[in-house]
Amino acid sequence: NVLVINCGSSSLKFQLINAKSEEVLAKEFVKRIGIDGRLTYQPEGGEKEKSEKAMPTHTEAIQFVIEALQSE
């Protein structure tokens, strides 16, 4: 699997892609980094989930994304 990351000044976009089939396994969008932080997460075949968490920097935002990818 390949994790693709696109960082902006107050946002992060991610896609987890199966390297062999090129299928998108999950995609994510984190916005308002440095303000109030919001993650929108959509696993393959699942519905979008939104959650909020303090994200003063991109470091916390990336940790939040990793936690979302590791959850069922």
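Residue numbers start from 1 along each chain as its sequence is written. As the model is predicted, local features need pLDDT of at least 70, side-chain atom pairs count only at pLDDT 80 or more, and totals for chains, interfaces and linings use all residues, while side-chain values rest on heavy atoms, with hydrogens and water left out. Strands (E, at least two residues) and helices (H or I, at least four) are DSSP runs, numbered from the N terminus.

Confidence comes next. The mean pLDDT (the predictor's confidence in each residue, from 0 to 100) is 83 for the protein, and 94% of its residues reach 70 or more. Strand β1 (residues 2–7) has the highest confidence, at a mean of 92, and strand β4 (residues 38–43) has the lowest, at 69.

Now for the strand pairing, where two strands pair if DSSP finds at least two bridges between them. β1 and β2 run antiparallel and are joined by 6 bridges, with a hairpin of 3 residues leading from β1 to β2. Within this pairing, V4 has Q15 of β2 as its bridge partner, and C7 has L12. β2 also runs antiparallel to β3, this time through 7 bridges. The hairpin between β2 and β3 has 6 residues between the strands, and E22 in the turn shows a positive phi of about 65°.

With neighbours within four places in sequence set aside, F64 is in contact (heavy atoms within 4.5 Å) with L39, S51, K53 and M55.

S11 sits in strand β2 and, at a relative accessible area of 18%, is buried (under 20% relative accessible area; exposed is over 50% and partly exposed lies in between, with a 1.4 Å probe and protein chains only). Beyond its sequence neighbours within four places, S11 is in contact with N6, F29, V30, K31, I33 and H58. G37, in the loop between β3 and β4, counts as buried because its relative accessibility is 0%. Outside the four places on either side in sequence, G37 is in contact with K31, R32, E52, K53 and M55. From G37 to Q70 the C-alpha distance is 19 Å, across 33 residues of sequence.

A19 lies in the loop between β2 and β3 (24–31) and counts as exposed because its relative accessibility is 51%. Not counting residues up to four places away in sequence, A19 touches N1 and V2. A19 and A54 are 32 Å apart, C-alpha to C-alpha, and 35 residues apart in sequence.

Last comes the pocket. On a 1 Å grid over the protein atoms alone, a pocket is an open set of points where a 1.4 Å probe fits, with protein on both sides within 12 Å along at least five of seven lines, and lining residues have an atom within 4 Å of a point. The largest pocket holds about 200 Å³ of space, counted as the space filled by probe spheres set on the points, which are joined across faces, edges and corners. Of the 10 residues that line this pocket, F14, K27, E28, F29 and T40 are the closest to its centre. β2, β3 and β4 each supply at least two residues of the lining.
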